[in-house]
Amino acid sequence: MSEEVEFDRIAPIYDETRPRPSEGELAALTALFSGCRTVLDAGVGTGRFAAPLRSHGFEVIGVDLSLGMMRRARAKGVPQLVRATLFQLPLADRSVDAAFMSHVLQLLPDASRALRELGRVARRQVVVQLPEWFERSPPEAWRLRRARYVELAAEMGYPVPERGQRYRYTLEDLSAVASPAAVHVVPLSRAPGENTDERLSRWAMEMLGGGHIPPEVHGEILRRLRAEFPADPPGTDRPRTTRFIAWDPVRLRAGT
Ligand SMILES: C[S@@+](CC[C@H](N)C(=O)[O-])C[C@H]1O[C@@H](n2cnc3c(N)ncnc32)[C@H](O)[C@@H]1O
């Protein structure tokens, strides 16, 4: 499935599947963007980062392939949105102060090409968010639950559309494109008071973009999953972190 079709379908529920950027994430970003005014949000989506960055005084230009996602960003007051591919940005060389990308790399077959393109358009800073989960395949316990969710949904008459392919990049992979100037590690807290079933429900939405499945069917699948897998998968409660990798655009342009 192409990215724009997949994300047009997911757009109505996307914001329920990802937390809002935390204070810690925004503090790290605003520090990295200090001295910058214009910020490109590459793969802006629903404006999850673009909207709060605007509130912090940055002028944000969002680029994305999915009109459905960008409609949500517009509704949050992000006015400058352009439909284009990240591999060929419709921006002149060094035309923005900073370029930023969050939760997009895993969709890109060629991360180095996208990074070099960000380096081309940015004058001062390129920042990419690399959550720890980008680096590893989902553990077997999660894969089993996902496969069973898909099976039960199909049995109930709601086949789950296939997702586009996902790619994994490590910090080492990205450092091989060009040496980063800084890596900021930010601890993430879980939603306070979220119980196991809520967590499982959020996970199912995240994994499957289950927007087309009626809530009562989704609920019934979760009830059966819970009965079949009463224990939480290992590692569910472990603290998580995210990382912001920052490059001098000059290095990305030179590939050093
Ligand atoms: C998981 S969402 C992330 C959105 C936002 N950055 C966030 O952190 O919530 C990925 C976004 O990247 C966009 N996207 C994926 N591949 C793209 C490409 N090659 N060119 C432009 N946008 C792309 C999708 O349409 C989608 O809106």
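The model is predicted, with local features needing pLDDT of at least 70 and side-chain atom pairs counting only at pLDDT 80 or more, while totals for chains, interfaces and linings use all residues. Residues are numbered from 1 along each chain as its sequence is written.

Q: What makes strand 5 and strand 7 a pair?
A: Two strands pair if DSSP finds at least two bridges between them, and 4 bridges join strand 5 (residues 122–129) to strand 7 (residues 240–247), so these antiparallel strands meet the criterion. Strands here are DSSP runs of E with at least two residues, and helices are runs of H or I with at least four, both numbered from the N terminus. Glutamine 129 stands opposite phenylalanine 244 in strand 7, and histidine 184 also stands opposite phenylalanine 244.

Q: Why are strand 3 and strand 6 called edge strands?
A: In the open sheet of 7 strands, whose order is 3-2-1-4-5-7-6 with mixed pairing, strand 3 (80–83) and strand 6 are the edge strands because each pairs on one side only. From one strand to the next, the twist averages 20 degrees.

Q: Why is helix 6 called oblique to helix 9?
A: Helix 6 (residues 140–155) and helix 9 (residues 215–228) pack at about 135 degrees, with their axes 10 Å apart. Angles under 35 degrees count as roughly parallel, over 145 as roughly antiparallel, 65 to 115 as roughly perpendicular and the rest as oblique, which makes helix 6 oblique to helix 9. These angles run from 0 to 180 degrees between N-to-C directions, with axes fitted to C-alpha atoms, for helices over the stretch in contact.

Q: Which residues of helix 6 and helix 9 make the contact?
A: Arg145, Arg148, Tyr149, Leu152 and Ala153 of helix 6 meet Ile221, Arg224, Leu225 and Glu228 of helix 9, contact being defined by C-beta atoms, placed from the backbone, that lie within 7 Å.

Q: How many residues surround the ligand, and what makes a residue near it?
A: The ligand is surrounded by 20 residues, the closest being Gly43, Gly45, Arg48, Ser66 and Ser102, where near means that the C-beta atom, placed from the backbone, lies within 6 Å. Helix 1 (residues 3–17) gives the most to this shell, with 3 residues.

Notes:
Contact = placed C-beta atoms within 7 Å.
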